[in-house]
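User: I'd like to learn how to read the packing in this model. Can you walk me through it?

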Amino acid sequence: MKKIWITMGAALALTTQLAPMAQAAGSFPEKAVNIIVPFPAGGSTDTVARAVALSMAEQLGKPFVVENRPGATGTIGAGAVKRSAADGYTLLVASLGPYVVTPHLVKSVPYDAAKDFDYITIPVQAPNVLVASPKQKVRSVSEVIAALKANPGKISFASSGNGSSDHLSAELFWQQTGTEAMHVPYKGGAPAITDLLGGQVDFSFQNVNAVLSHLRSGKLHAIAVTGTQRSPVLPDVPTLAESGVKGAEVYSWQGMAAPKGLPADVKAKLAKAAIAAVQQPDIRKRFVEQGLEIVGNTPEEFTRFQTQENERWKQLIQTRKITAD
């Protein structure tokens with residue numbers, strides 16, 4: 001009988017301990033949620049995070065506050081999220097860099113992207129677009145390839161930085177076409193686009209949303225997009241695959257994650273709200289008009305995608321001997 005009472009007492013104690021946890025998860029959130037963006041305010045990732053945060057706050061009844069913690073190509077902010085409690089009150093919204101690129105470029109990254117995060121959803125993605133400066137007369141992928149082969153290593157391609165999606169797009173393009181060019185990395189997309197407009201550099205693979213206004217005004221010329229299909233905002237611009245370059249599909253994407261160990265019901269609640277946010281007609285319309293494509297995938301889909309992207313960029317970085325310097 002004594003043994004039975006000990007078992008019942010232990011069960012009662014365990015139930016007492018778990019009850020507050022279950023109640024807390026069920027009523028989540030009970031306070032403000034902090035969303036860390038590891039880049040400066042005003043960029044694509046920050047814009048996406050703020051739109052999603054506003055909608056999630058409306059849906060879940062508590063503030064979702066965006067905090068910018070830029071530095072070290074996104075690893076400072078991502079590291080801060082990794083060290084936070086896995087309770088759903090600290091989230092990370094970042095581009096693909098901190099998740100699948102920087103860990104292969106930088107020797108000491110303060111997190112393991114495969115082990116330290118629970119992946120929630122990818123709100124949006126966007127293809128890159130190969131654009132020519134006003135001084136360039138080429139108007140097709142075949143003409144770009146011909147120019148590169150005629151002048152190996154001399155034609156310049158601007159990027160927003162080593163390891164950025166626009167840099168990796170160029171590296172993949174050169175690899176798949178057997179060409180070489182001069183990579184000119186900048187500290188961000190804005191200065192790269194400025195020099196592209198001024199003709200200081202020849203070409204660039206830029207995020208569609210970053211150069212859309214310049215393409216529409218005719219200041220830059222679009223040659224091809226890196227998506228699996230044509231961009232809705234650039235319907236007359238072919239994909240690289242349509243232009244004869246296979247295996248060079250690239251999307252820039254923003255993903256939401258949390259510290260590893262997030263309670264399953266909290267993860268489900270966050271994912272549901274984030275996915276619903278990008279499906280709201282006003283947000284969806286605004287994003288699509290900017291050249292972004294709505295994704296809103298599940299935590300399971302994002303987790304599988306992160307694994308695939310991580311391996312893909314690891315192989316390219318190693319093969320092409322790309323460094324952060």
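User: Which residues does F173 touch, leaving out those up to four places away in sequence?

Analyst: Contact means heavy atoms within 4.5 Å. On that basis F173 touches V141, V144, I145, L148, T179, F205, L240 and V245. This is a predicted model, where local features need pLDDT of at least 70, side-chain atom pairs count only at pLDDT 80 or more, and totals for chains, interfaces and linings use all residues. Residues are numbered from 1 along each chain as its sequence is written, and side-chain values use heavy atoms, with hydrogens and water left out.

User: What does the largest nonpolar core look like, and which residues have the most contacts inside it?

Analyst: In soluble globular proteins, nonpolar side chains tend to be buried together. A nonpolar core here is a set of buried (under 20% relative accessible area, 1.4 Å probe, protein chains only) Ala, Val, Leu, Ile, Met, Phe, Trp, Tyr and Cys residues joined through side-chain atoms within 4.5 Å. The largest has 82 residues, and F157 and F173 have the most contacts inside it. Strand β4 (residues 117–132) gives the largest share, eight residues.

User: How do helices α5 and α6 cross?

Analyst: The axes, lines fitted to C-alpha atoms over the stretch in contact, come within 12 Å and cross at roughly 80° for α5 (residues 141–150) and α6 (residues 165–177). Angles of 65 to 115 degrees count as roughly perpendicular, so α5 is roughly perpendicular to α6. V141, V144, I145, L148 and K149 of α5 meet F173, W174 and T177 of α6.

User: Where does pLDDT stay under 50?

Analyst: pLDDT is the predictor's confidence in each residue, from 0 to 100. Where pLDDT is low, the predicted coordinates should not be read in detail. Here the stretch is residues 1–25, while the chain mean is 92.

Notes:
Axes fitted to C-alpha atoms, helices over the stretch in contact; angles between N-to-C directions. Helix = DSSP H or I, 4+ residues; strand = E, 2+ residues; numbered from the N terminus. Parallel < 35°, antiparallel > 145°, perpendicular 65-115°, else oblique. Buried < 20%, exposed > 50% of the residue type's maximum accessible area, 1.4 Å probe, protein only.
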